[in-house]
Amino acid sequence: MDSIEVEGKTYEEAVKKASIELNEEEKNLDIEVKEVDTKGILGLLGSKKVIITARVRETKNPENPVELTPEQYSENLLKEISAFLDLSLNVKIYHQNERIMLLVQGDNGDLLIGKDGEILDALQYLIRLAVAKKFKQNLKILIDVNGYREKKKKALTIMAKRLADKVKRTGRRIKTDPLNPYERRIIHTLFKHNRFITTKSEGEGHTKKVVISPVGNKDGKR
Amino acid sequence: MLKELIEYIAKALVDNPDQVRVSEIEGEKTSVIELNVSKDDLGKVIGKQGRTARAMRTILSAASTKVKKRAVLEIIE
């Protein structure tokens with residue numbers, strides 16, 4: 001594929017021109033900046049010129065693993081599966097604490113949550129598996145729909161603090177309801193630096209209870 | 001549509017996507033979705049303690065309420 005040389009006042013303008021000329025979306029172009037020419041004082045005045053070379057990236061096949069990033073792939077999966085549920089959603093992607101965050105927004109996006117976030121968790125789990133499979137690495141992926149996880153996190157925090165107060169008052173340990181790993185982590189993190197409270201997970205399988213105990217009395221026995 | 005959904009998910013999880021076969025046996029109220037995969041991929045669609053299968057069933061039932069039906073996923077061994 002031949003590359004073309006385009007000139008523009010700004011980088012964006014040059015890319016846009018290249019996109020029109022090659023009749024291809026900007027994201028499918030390989031761009032190289034050849035020359036940035038700034039005239040005038042600090043480039044603020046006068047003319048500015050950017051020359052780029054652009055060409056259409058050779059493989060545009062969305063199935064091609066070399067092309068897709070894990071982010072794009074997980075977004076595709078999410079959109080495809082939602083489409084089966086007749087949902088068309090708006091997905092925003094960003095990174096937080098080495099996690100890929102997929103923020104979903106949409107009028108009937110709540111259908112993706114389910115009872116106690118059941119559907120959302122299933123979806124997240126399957127997408128994580130598929131991404132791990134394709135890219136041969138375990139990436140943490142978190143999907144949130146219409147702020148559901150944030151709300152849940154707040155509710156959990158309030159609940160855990162209330163239980164901790166009770167533990168402090170009575171000196172006895174308390175168990176939470178069964179929680180999934182993500183929810184447990186929220187509670188563990190919350191009391192990580194607390195001098196009065198320690199937490200640990202108890203039970204088998206995917207959902208475990210968190211035991212909130214007073215410090216120095218981990219078994220809750222006197 | 002339910003069949004295609006399971007097919008799509010299963011193909012993303014297995015090593016041999018070309019050996020994924022899904023059939024739908026439609027009843028009046030209930031559909032049975034049968035998923036066939038290569039022997040080596042069975043573990044992939046079932047998962048630890050059946051977690052993957054359970055996740056697929058969850059998504060499937062979400063999709064089936066949309067079409068006002070019940071759907072059961074059977075993984076054929």
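**Close-up views of salt bridges and the chain interface**

View 1. At 7% relative accessibility, Arg149(A) counts as buried (under 20% relative accessible area, with exposed meaning over 50% and partly exposed in between, for a 1.4 Å probe and protein chains only). In this predicted model, local features need pLDDT of at least 70 and side-chain atom pairs count only at pLDDT 80 or more, whereas totals for chains, interfaces and linings use all residues. Residues are numbered from 1 along each chain as its sequence is written, chains are lettered from A in the order in which they are written, and side-chain values use heavy atoms, with hydrogens and water left out. Asp121(A), partly exposed at 25%, forms a salt bridge with Arg149(A), the closest N and O atoms being 3.0 Å apart (a side-chain nitrogen of Lys or Arg within 4 Å of a carboxyl oxygen of Asp or Glu).

**View 2. Arg173(A) and Glu202(A).** These two residues form a salt bridge whose closest N and O atoms are 3.8 Å apart. Arg173(A) is partly exposed at 31% relative accessibility, and Glu202(A) is likewise partly exposed, at 26%.

**View 3. The interface of chain B and chain A.** In this interface, 19 residues of chain B are in contact with 20 residues of chain A (heavy atoms within 4.5 Å). Across the interface the rule finds 1 salt bridge, in which Asp15(B) pairs with Lys133(A), the closest N and O atoms being 3.0 Å apart.
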